[in-house]
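Here are my notes for anyone opening this one for the first time. Keep the viewer beside you and take the points in order.

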Amino acid sequence: MTITIGRSEIGDGHPVYVIGEIGLNHNGSVELAKNLIEVAAEAGAQAVKFQKRTPDISTPEHMKSTPRDTPWGTMTYLEYRRRVEFDRDQYIEIGDYATLCGLDWFASPWDEPAVAFLEDLAVPAHKVASASVTDLGMLRALAATGKPVILSTGMSTLEQIDAAVSVFDPTHLVLLHATSTYPLPAGEANLRTIRTLGQRYPALPIGYSGHEPGLEISFAAVALGACVVERHITLDRAMWGSDHSASLEPSDFAQLVAGIRTVEEALGDGIKRVFPGEQAPMAKLRRVLV
């Protein structure tokens, strides 16, 4: 199955679709968001992704009044969520900038009004965060858009994933294997799940959303068949914010994209043949010719 997002085809036989996950790493700053868009574009990614919340709805009730230390002082968790949320005009500005940089842009809505918000901005696709896999009401709202949907599967059982997948038209759905540990230790990556998901949902493209500090696990995911790779990006892992420490800095993200292209080339087509570069060693080294 091949799915189209923007100018890219996603699925077997097509280049890996690389998403720079900006999320909330913009810390509420449009200029920082633009800087991160530039990082993704210069690295050769195909898309950037944000997160869109309606804070009063999407913030868990038990978290709303929890104190949070921020660069703007101590505030409640709900106040913090409002502080870092972009409004419509800001999203138009950063969305237009991403388009000018040659990137698709979309976001993970965390509630049903956020779906309507993003639809009003004509995003080419939607992303379901792992935390929202069980929010069937929001999933139905996403399915009703008719847009391609990329669904992360972290902190979910196969039964929960089955229920989520059943909501969507399979011709519009991509699954991403993910483990929602930040940062991700190698022992929890469980990359063979990429094959498990491929076998369970053979009609769906399967990708990988990673939160590990390095690059090797993402390269291995591509070798195991991931056709999408999503990684968080930041200007500096030491910046304030919950996701920066599990993100890639600009040089690392550029190495990620370059390495993915090398892995893709190295995978080949699986047909055993004698390559031109082997002719000279064969003539020199093989004693018995058949």
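**Notes on a predicted model**

1. Let's start with Trp72, which is partly exposed because its relative accessibility is 32%, between the 20% and 50% limits. Keep in mind that this is a predicted model. Trp72 sits in the loop that links β5 (67-70) to β6 (73-76). Leaving aside residues up to four places away in sequence, Trp72 touches Asn27, Tyr80, Arg83, Val84 and Trp240. Asp135 is another matter: 63 residues separate Trp72 and Asp135 in sequence, and their C-alpha atoms are 32 Å apart in space.

2. Have a look at Thr59 too, in the loop between α2 (55-58) and β5. Is Thr59 buried or exposed? Thr59 counts as buried because its relative accessible area is 5%, under the 20% limit. Its side chain reaches the backbone oxygen of Pro55 at 2.7 Å. Not counting residues up to four places away in sequence, Thr59 is in touch with Lys64, Tyr77, Leu78 and Arg81.

3. Next comes helix α1, residues 30-43. Its 14 residues reach 20 Å from the first C-alpha to the last, close to the 20 Å expected at 1.5 Å a residue. Just after the helix, Gly44 has a positive phi of about 100 degrees.

4. Which elements cover the buried residues of α1? The cover includes β3 (17-23), β4 (47-52), α4 (88-100) and α10 (250-267). Among the buried residues of this helix are Val30, Leu32, Leu36, Ile37 and Val39. Lys34 is buried in α1 as well.

5. In general, nonpolar side chains in soluble globular proteins tend to be buried together. Here, the largest nonpolar core has 48 residues, and Val48, Phe50, Phe106 and Phe253 touch the most other members. Helix α1 gives this core its largest share, eight residues. There is also a second, separate core of 26 residues, which includes Leu184, Tyr208, Ile217 and Ala221.

6. Not counting residues up to four places away in sequence, its contacts include Ile5, Tyr17, Ile19, Val48, Phe50, Val123 and Ile150. Lys49 and Lys127 are also among the residues that Phe106 touches.

7. A few backbone details are worth checking by eye. The peptide bond from Tyr182 to Pro183 is cis, with omega near -20 degrees, and Pro183 lies in the loop between β10 (173-178) and α8 (193-200). Asn190 is found in the loop between β10 and α8, and has a positive phi of about 50 degrees although it is not a glycine. Met155 has a positive phi too, near 45 degrees; its loop runs between β9 (149-152) and α7 (158-165). Met155 counts as exposed because its relative accessibility is 60%, over the 50% limit.

8. How many disulfides does a search of the whole structure find? The search finds zero. As for individual cysteines, Cys227 is buried, with a relative accessible area of 5%, whereas Cys101 is partly exposed at 26%.

9. Last, the record. UniProt, in an unreviewed entry, places the feature "domain: PseI/NeuA/B-like" at residues 36-272. Over residues 36-272 the model is 39% helix and 18% strand, with the end C-alpha atoms 42 Å apart.

Notes. Residues are numbered from 1 along each chain as its sequence is written. This is a predicted model: local features need pLDDT of at least 70, side-chain atom pairs count only at pLDDT 80 or more; totals for chains, interfaces and linings use all residues. Side-chain values use heavy atoms; hydrogens and water are left out. Helices (H or I, at least four residues) and strands (E, at least two) are DSSP runs, numbered from the N terminus. The expected span of a helix is 1.5 Å times one less than its number of residues. Buried means under 20% relative accessible area, exposed over 50%, partly exposed in between (1.4 Å probe, protein chains only). Contact means heavy atoms within 4.5 Å. UniProt positions are given in the numbering used here, feature names are shortened, and annotations may be inferred rather than shown by experiment. A nonpolar core is a set of buried Ala, Val, Leu, Ile, Met, Phe, Trp, Tyr and Cys residues joined through side-chain atoms within 4.5 Å. A disulfide is a pair of cysteine sulfur atoms within 2.5 Å. A polar contact is a pair of N or O atoms within 3.5 Å; within protein, one must be able to donate a hydrogen and the other to accept it, and residues adjacent in sequence count only if both atoms are side-chain atoms.
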